[in-house]
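Here's a quick briefing on ring pairs and charged pairs.

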Amino acid sequence: MLILAALISPVCRADDSLSLANKLLDLTGTASFMQQTFESGLKPSLDQMRAKGAPADLVEAIHGEARNFFQENFNWETMKPKLAKLYADNYTEAELRDILAFYQTPTGQKTIAKMPVLMQESMAMSMQGVQANMPEFQRRVGALIQDYQKRAAQAAQTSAAAATPAPATVTVPADTPK
């Protein structure tokens, strides 16, 4: 009987973990957060298009198409069980209970409310740093490409030289009778 209980116990814990993970996803508004994250990720590209003079109606059409594409290809009902399993695989039942308890506190609720804005602002800060240093990155990549092309050209020359047969030479003996 103890063996049967030991075999069944992990299955029950997995079910409890999945149930807790689903509660966590609901409590944190993960579906909405993912939509907001998509929008936040798209915003810099749309802003860049506007800054480069793209017509406003074109930018809005692209934004609408991107939103439609996201909605067509992101099905929360399909994604939610996968995310719940991901959480259940990475947190114990006790840890999931602790996380849920935290998110039910005023500080946890504030964290949930602030997280999308914090993520968006931190992504914007990161992108500003990257964009500010993009010329240096492009210079480095350009140097790598030039070096690669130079080595490829040298290899091609070496390969061509090895493949070209040496010109035939004829040696005429010096004491050939006339």
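Searching the whole structure turns up five aromatic pairs, where rings of Phe, Tyr and Trp (its six-membered ring) pair if their centres lie within 6.5 Å, with planes under 30 degrees apart called stacked, over 60 edge-to-face and the rest tilted. This is a predicted model: local features need pLDDT of at least 70, side-chain atom pairs count only at pLDDT 80 or more, and totals for chains, interfaces and linings use all residues. Residues are numbered from 1 along each chain as its sequence is written, and side-chain values use heavy atoms, leaving out hydrogens and water.

**Aromatic pairs**
- Phe38 and Phe70 are stacked, because their ring centres sit 4.4 Å apart with planes at 20 degrees.
- Phe38 is in helix H2 (residues 30-51) and Phe70 in helix H3 (residues 56-73), so this pair ties together parts 32 residues apart in sequence; helices here are DSSP runs (H or I, at least four residues), numbered from the N terminus.
- Phe70 is buried at 14% relative accessibility, while Phe38 is partly exposed at 23% (buried is under 20% relative accessible area, exposed over 50%, partly exposed in between, with a 1.4 Å probe and protein chains only).
- Phe38, Phe70, Phe74 and Trp76 make up one aromatic cluster.

**Salt bridges**
- The count is ten salt bridges, each a side-chain nitrogen of Lys or Arg within 4 Å of a carboxyl oxygen of Asp or Glu.
- Asp26 bridges to Lys80, with the closest N and O atoms 2.7 Å apart.
- Lys80 is buried at 15%, whereas Asp26 is partly exposed at 47%.
- Lys43, Asp47, Arg50 and Glu60 are joined in a salt-bridge network.

Conventions:
Helix = DSSP H or I, 4+ residues; strand = E, 2+ residues; numbered from the N terminus.
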